[in-house]
Amino acid sequence: MIDTTPVEIPEDPTPTIEVPQEVQETIDTTVDDIFDSPITNANLANAVDDLVADAGTPEEITAVVNSLLGQDLSDSQFSTVINSVFDGPMSDENFSAAVDAVFADTSTLSDEQFDTAVQAVFDGPLSTEQFGDALEAVFSEP
């Protein structure tokens, strides 16, 4: 006999990352300083690399990504930022936080930006956990 008892599926067990206001404000100031004057894509990539390297916690990487994507970026700058965020090794926790921050509200991304972000996320070697987090972030309903 087939068991027809309904199965309860728990809500997403992944906790929402709460970025302390002080952390977000500090990173916002740093990112604003980067964009205070014209910047080449090479210099922007270096600045993003430094920000990502200095972000030691999921809260800090979330603040970095949120602040960078909050800028008025050209498509070229967006591509530089996204590729720089995901071009180096990152802990599973920071990778998950970065992916979640990028895909938290895909309505803010153009089709080209969405495609660029997906390509950047899946371009490098990923751990099994990172691959699962990326799939969940990219294909989940907002």
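This is a predicted model: local features need pLDDT of at least 70, side-chain atom pairs count only at pLDDT 80 or more; totals for chains, interfaces and linings use all residues.

Mentor: Start with helix α3, residues 58-69, and helix α5, residues 92-102, which pack with their axes 8 Å apart at an angle of about 30 degrees. Angles under 35 degrees count as roughly parallel, and α3 and α5 are therefore roughly parallel to each other. The crossing in which α3 passes α5 is right-handed. On the α3 side you will find P58, I61, T62, V65, N66 and L69, and they meet E93, N94, A97, A98, A101 and V102 of α5. By type, the residues of this contact divide into eight nonpolar, three polar and one charged.

Now for the rings. Searching the whole structure turns up three aromatic pairs. One of them joins F86 and F95 edge-to-face, with 5.7 Å from centre to centre and 75 degrees between the planes. F86 is buried at a relative accessible area of 10%, and F95 also counts as buried, at 4%. Another pair is F103 with F114: the ring centres are 5.6 Å apart and the planes stand at 80 degrees, so this pair is edge-to-face. F103 sits in the loop between α5 and α6, while F114 belongs to helix α6 (111-123), so the pair ties together parts 11 residues apart in sequence. As for accessibility, F103 is buried, with a relative accessible area of 6%, whereas F114 is partly exposed, at 24%.

Terms used
Residues are numbered from 1 along each chain as its sequence is written. Side-chain values use heavy atoms; hydrogens and water are left out. Axes are lines fitted to C-alpha atoms, for helices over the stretch in contact, and angles run from 0 to 180 degrees between N-to-C directions. Helices (H or I, at least four residues) and strands (E, at least two) are DSSP runs, numbered from the N terminus. Angles under 35 degrees count as roughly parallel, over 145 as roughly antiparallel, 65 to 115 as roughly perpendicular and the rest as oblique. A crossing is left-handed if the near helix is turned anticlockwise from the far one by less than a right angle, and right-handed if clockwise. Contact means heavy atoms within 4.5 Å. Ala, Val, Leu, Ile, Met, Phe, Trp, Tyr, Cys and Pro count as nonpolar, Asp, Glu, Lys and Arg as charged, and the others, Gly among them, as polar. Rings of Phe, Tyr and Trp (its six-membered ring) pair if their centres lie within 6.5 Å; planes under 30 degrees apart count as stacked, over 60 as edge-to-face and the rest as tilted. Buried means under 20% relative accessible area, exposed over 50%, partly exposed in between (1.4 Å probe, protein chains only).
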